[in-house]
Amino acid sequence: MFGNQAFFKREQIISISGATTHFTRLSGSGRSVTFRFCPTCGSTVYWEAEALPGMIAVAVGSFADPTFAAPQHSVWERRRHVWVAPFCDTAMQHSD
């Protein structure tokens with residue numbers, strides 16, 4: 001899975017509105033991740049991971065803000081497609 005997301009503490013989220021459909025799957029570590037997506041177009045809007053309790057990840061594209069802050073971490077770079085350039089100025093959190 002490739003994505004660009006922003007993580008927020010649940011208490012930082014003022015409200016979540018609108019209809020969503022969800023899908024839960026196991027991550028590479030065997031923990032659950034629940035994705036919430038638009039039931040009309042299928043775009044993933046946000047998700048919650050068992051490994052990060054109390055956190056909500058929001059797809060950066062949902063903000064429609066070209067000035068949104070640049071990534072601070074890059075994960076799973078060794079699994080990236082060869083055509084995806086690594087973020088050279090970010091800290092890699094996971095190597096496998």
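**The salt bridge and the core**

Glu48 counts as partly exposed, because its relative accessibility is 23%; buried means under 20% relative accessible area, exposed over 50%, and partly exposed in between, with a 1.4 Å probe and protein chains only. This is a predicted model, where local features need pLDDT of at least 70, side-chain atom pairs count only at pLDDT 80 or more, and totals for chains, interfaces and linings use all residues. Residues are numbered from 1 along each chain as its sequence is written, and side-chain values use heavy atoms, with hydrogens and water left out.

What does Glu48 form a salt bridge with? The partner is Arg10, with the closest N and O atoms 2.6 Å apart; the term means a side-chain nitrogen of Lys or Arg within 4 Å of a carboxyl oxygen of Asp or Glu. The pair links distant parts of the chain, 38 residues apart: Glu48 sits in strand E4 (residues 44-49), and Arg10 in the loop between strand E1 (5-9) and strand E2 (21-26). Arg10 is also partly exposed, at 40% relative accessibility. A search of the whole structure gives 1 salt bridge.

Overall, the protein has 0 helices and 7 strands, both being DSSP runs numbered from the N terminus: helices are H or I with at least four residues, strands E with at least two.

Now the core. Val33, Phe35, Trp47, Ala57 and Ala59 make up the largest nonpolar core, meaning buried Ala, Val, Leu, Ile, Met, Phe, Trp, Tyr and Cys residues joined through side-chain atoms within 4.5 Å. Strand E3 (32-37) and strand E5 (55-59) each supply at least two of its residues. Buried residues come to 16% of the 96 in the protein.
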